[in-house]
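Here is a friendly briefing to read alongside the model. Have the sequence and the 3D view open as you go through the points.

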Amino acid sequence: MIRGLYSAASGLISQQRRHDTITNNIANIETVGYKQNTTPLRSFNEMLLSMTGVDGQNSNKIGTWTGNVFAEESLTYHLQGDLTETNNRNDFAILSNIAVDDLVFDQSGKAVRANGEVVFQPQAYFTLQNAQGEARYTRGGQFSVTSEGYLTTNTGDYVLGTNNEPIQLPAGTSLDGLVLTSDRRLVTSTGEDTGLQLLISRIDNPNDLIREGDGNFRLAEGTAEPITEDDAVEVRQGYIENSNVDVLQASVDMMAAARAYEANQKIVQYYDGTLQKTANEIGRVG
Amino acid sequence: MNSSMIKALNSMNSYQLKMDLISNNVANMNTVGYKSKSAVFEDLLTTMEQQPEGFSRDGRLTPLGFNQGWGSKVTGIATDFTQGPLKETGVLTDLAIEGNALFEVTVDDAGTLAYTKDGSFQISINGNREAVLTTNQGYPVQATLPDGSQGSIIIPDGYALKIEADGNVYGVNERGAQVSLGRINLVNPVRPDGLVQVADNLFSVATGANANEVVNRIIPDSQNRIAIRQGFLEQSNVDYTKEMTDLMKVQRAYQLAARALSSSDTLMQLANNLRNN
């Protein structure tokens, strides 16, 4: 009946979604390796409106209309976070700036080729194995060592080495006694090779990653390749990668979402007022 | 609808925990051998809303489905085992360990072992009227005695303590005569995550973990760069500047989360007032 009422309602729902996403970003300012999320909104498909025909005449076309809006996807900005030195030998951070064909990536990690093709910057991740034996990817490098010597995340997922096996430190050695080389091998302080090498995976389009919680991502389609020497990726021991949430942007976005929600609420009220007039005043007798 | 609120609440809880840890660190700035702690955050489980095929349209960047996280939580507490500064006290029973190692002490008559970095030892009199080297709280320091057995160090009457860098303990009397009293046991925390902090500045092996895997007994030498310093104490490794900076950061994060909470409260109020008459 009154289409705008439904548009305003869809606006309320979408702004609520935006607000939720921003709150989640704020909740993860201190989460190591967290990647900020954003919720792009999209309008509904275009519809062609036409007036129904009167007395056998053909119907008249009015034009197209895209009435409603919805939160389309939950998009993650897989951008590099700042590194902080912790001096904790269990902490690892990835610094990644993988180049693709001389393209210059903008601040959202995107570049457009001359033929109009959009390319996202590939990113590097620690490779994990969860309890079900499936591969997961993370940028959160605060690891711990179980009493059996396995290198795990804080939620118990195994960190994989280049041999695709969970990394197990030799008995009697701790991460304190091991040094990470520039090619990501773990060697003892005297330079002896332990045969362990961190598996860092390169994901060409990070948007294919699905967030799972606990800092982990799952790859929906495509495969992850181990990084090669040509990729500009560095892993540092004793550092953590901070969350890449932009606090200022988050607080501004939150205000904007709250006000947009309010505006939609007002519109609902105006329509309500119109309906009230229609129902109670226009039709009133006497 | 109120997911914003739940997220803000979750994160305020974890930020509060981080603040608690910081204040605990600051409170222990002058505790001998204290190791500073920090919180490890993870983002909470994500829920995935299914979207039908029709949602896959031009310009969409991610696979189908709309996922949202539920805030953050503290999944662990990391202990920073780096060396604290050594302070000279001149007290003969004050010992400091240079390097990554812990003293071994017995906490009960059954010989249960615990570990500590706190070397402010004392001489206590035990049930047999012997002078024994113990921690501040009276737990005997475990040592390898000259005959090779394990036990506590008993100091004969009229002898003063002399402890060498490699942990060997001697009693020296007024005439300069020396007797060997044993060697103080030191362990290397090979799997620091298998140690849990208990009261009285002590660490014990976590339940379920194998003590032999978690700690390794070592003898200080120039190779492993571990040494015992008599007359020194290892101060707490809390860095006041870092703690204050962290406190400011987490306080701001808490503030922002509180703002998000009140903002989602406003949204709910608006929804309640949708019908204005």
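In strand 16 of chain B, Ser180(B) is the residue that stands opposite Tyr170(B). That pair belongs to strand 15 (residues 168-172) and strand 16 of chain B, which run antiparallel and are joined by five bridges. Strands pair here if DSSP finds at least two bridges between them, and the elements are DSSP runs numbered from the N terminus (helices: H or I, at least four residues; strands: E, at least two). This is a predicted model, in which local features need pLDDT of at least 70 and side-chain atom pairs count only at pLDDT 80 or more, while totals for chains, interfaces and linings use all residues. Residues are numbered from 1 along each chain as its sequence is written, chains are lettered from A and ligands numbered from 1 in the order in which they are written, and side-chain values use heavy atoms, with hydrogens and water left out.

**Around strand 16 of chain B**

- Strands 15 and 16 of chain B make a hairpin with five residues between them. In its turn, Gly176(B) has a positive phi of about 90°.
- Strand 16 of chain B (residues 178-184) is also joined by two bridges to strand 11 of chain B (residues 142-144), again running antiparallel.
- Ile184(B) in strand 16 of chain B has Ala143(B) opposite.

**The six-stranded sheet of chain B**

- An open sheet of six strands in chain B has the order 18-19-8-7-17-20, with antiparallel pairing.
- Strand 18 (195-198) and strand 20 (215-218) of chain B are its edge strands, each pairing on one side only.
- From one strand to the next, the twist averages 45°; such angles are taken between N-to-C directions, from 0 to 180 degrees, using axes fitted to C-alpha atoms (for helices, over the stretch in contact).
- Within chain B, strand 8 (residues 113-116) and strand 19 (residues 202-205) pair antiparallel over two bridges. Thr116(B) stands opposite Leu202(B) in strand 19 of chain B.

**The three-stranded sheet of chain A**

- Chain A has an open sheet of three strands in the order 16-17-18, with antiparallel pairing.
- Strand 16 (178-180) and strand 18 (193-197) of chain A are at the edges with a single partner strand each, so one side of each has no neighbour in the sheet.
- Neighbouring strands of this sheet are turned by 30° against each other on average, direction ignored.
- Three bridges join strand 16 of chain A to strand 17 of chain A (residues 185-188), which run antiparallel. Val187(A) in strand 17 of chain A is the bridge partner of Val179(A).

**The interface of chains A and B**

- Chain A gives 68 residues to the contact and chain B gives 65 (contact: heavy atoms within 4.5 Å).
- About 5600 Å² is buried between the two chains, 51% of it on carbon and sulfur atoms; this is the accessible area (1.4 Å probe) that the two parts lose on being put together, summed over both.
- Four salt bridges are found across the interface, each a side-chain nitrogen of Lys or Arg within 4 Å of a carboxyl oxygen of Asp or Glu.
- Over all chains, the whole structure has 24 salt bridges.
- Asp43(B) forms a salt bridge with Arg211(A), with the closest N and O atoms 3.5 Å apart. This pair crosses between chains, from strand 1 of chain B (residues 37-43) to strand 20 of chain A.
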